[in-house]
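Here is a short report for a reader meeting this structure for the first time. Please look over the sequence and the model before reading on.

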Amino acid sequence: MIVLLGYIHLDPSDVNAFIADVRTITPGTKAEMGCLFYSVTVDDASAGRVLVVERWQDQESLTPHLESLETTAFLKRWTGRMRSDVLKYDVSNARPLMGS
């Protein structure tokens, strides 16, 4: 499993437009093969900080998402207007928090 987690940093005046843009791509992303979880949410609007959390079945699922027309168009619109510290984690042992 692949987990993407981190912040996108924007000019605070761009937060609403960014989130509106994210909302247009969210349904398609969630429907993609191998997408287990996808959430982009405002963490601190006044600081221009947005939290990204994604879970993908594997790299073979994530790669087509990153190369899709929808994703590349989104990134092109926001390149130069955002800074990302989103990291990719390989997960090998996921289990319930309150389980064993």
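## Basis of the model

This is a predicted model, in which local features need pLDDT of at least 70, side-chain atom pairs count only at pLDDT 80 or more, and totals for chains, interfaces and linings use all residues. Residues are numbered from 1 along each chain as its sequence is written, and side-chain values use heavy atoms, with hydrogens and water left out.

## Helix H1

Helix H1 covers residues 15-31, which makes 17 residues. Helices (H or I, at least four residues) and strands (E, at least two) are DSSP runs, numbered from the N terminus. From first C-alpha to last, H1 reaches 25 Å, close to the 24 Å expected at 1.5 Å a residue. The expected span is 1.5 Å times one less than the number of residues. H1 bends by about 40° at Ile25. A bend at a residue is the angle between axes fitted to the seven residues ending there and the seven starting there. A proline, Pro27, follows within four residues.

Val15, Phe18, Ile19, Asp21, Val22, Ile25, Thr26 and Thr29 are buried in H1. Buried means under 20% relative accessible area, exposed over 50%, and partly exposed in between (1.4 Å probe, protein chains only). What do these buried residues pack against? Their partners are strands S1 (2-10), S2 (35-44), S3 (49-56) and S4 (82-84), with helices H2 (59-67) and H3 (69-78).

Thr29 is in helix H1. Thr29 counts as buried because its relative accessibility is 0%. Leaving aside neighbours within four places in sequence, Thr29 is in contact with Cys35, Tyr38, Trp56, His65 and Glu70. Contact means heavy atoms within 4.5 Å.

## Aromatic rings and charges

The whole structure holds two aromatic pairs. Rings of Phe, Tyr and Trp (its six-membered ring) pair if their centres lie within 6.5 Å; planes under 30 degrees apart count as stacked, over 60 as edge-to-face and the rest as tilted. Phe18 and Trp78 have ring centres 5.1 Å apart and planes at 80°, so this pair is edge-to-face. The pair links distant parts of the chain, with Phe18 in helix H1 and Trp78 in helix H3, 60 residues apart. Phe18 and Trp78 are both buried. Phe18, Phe74 and Trp78 form one aromatic cluster.

Charges also sit over rings. The test is NZ of Lys or CZ of Arg within 6 Å of the ring centre and within 35 degrees of the ring normal. Arg81 lies over the face of Trp78, at 3.8 Å from the ring centre. The charged end of Arg49 sits over the ring of Tyr7, 5.3 Å from its centre.

## The nonpolar core

In soluble globular proteins, nonpolar side chains tend to be buried together. A nonpolar core is a set of buried Ala, Val, Leu, Ile, Met, Phe, Trp, Tyr and Cys residues joined through side-chain atoms within 4.5 Å. The largest one here has 18 residues, and those with the most contacts inside it are Leu10, Phe18, Val40 and Val50. S1, H1, S2, S3 and H3 each give two or more residues to this core. The largest share, five residues, comes from H1.

Val40 touches Phe18, Ile19, Val22, Val50, Leu51 and Val52, not counting residues up to four places away in sequence.

## The loop between S2 and S3

Is Ser46 buried or exposed? Ser46 is exposed, because its relative accessible area is 63%. Ser46 is found in the loop between S2 and S3. Ser46 and Tyr89 are 43 residues apart in sequence and 28 Å apart in space, C-alpha to C-alpha.

Ala45 is found in the loop between S2 and S3. Ala45 counts as partly exposed, at 40% relative accessibility. Ala45 and Val15 are 30 residues apart in sequence and 6.5 Å apart in space, C-alpha to C-alpha. Beyond its neighbours within four places in sequence, Ala45 is in contact with Pro12 and Val15.

Thr71 lies in helix H3. Thr71 counts as buried, at 8% relative accessibility. Thr71 touches His65 and Leu66, not counting residues up to four places away in sequence.

Leu75 lies in helix H3. Leu75 is partly exposed, with a relative accessible area of 34%. Leu75 and Lys88 are 13 residues apart along the chain, and their C-alpha atoms are separated by 17 Å.
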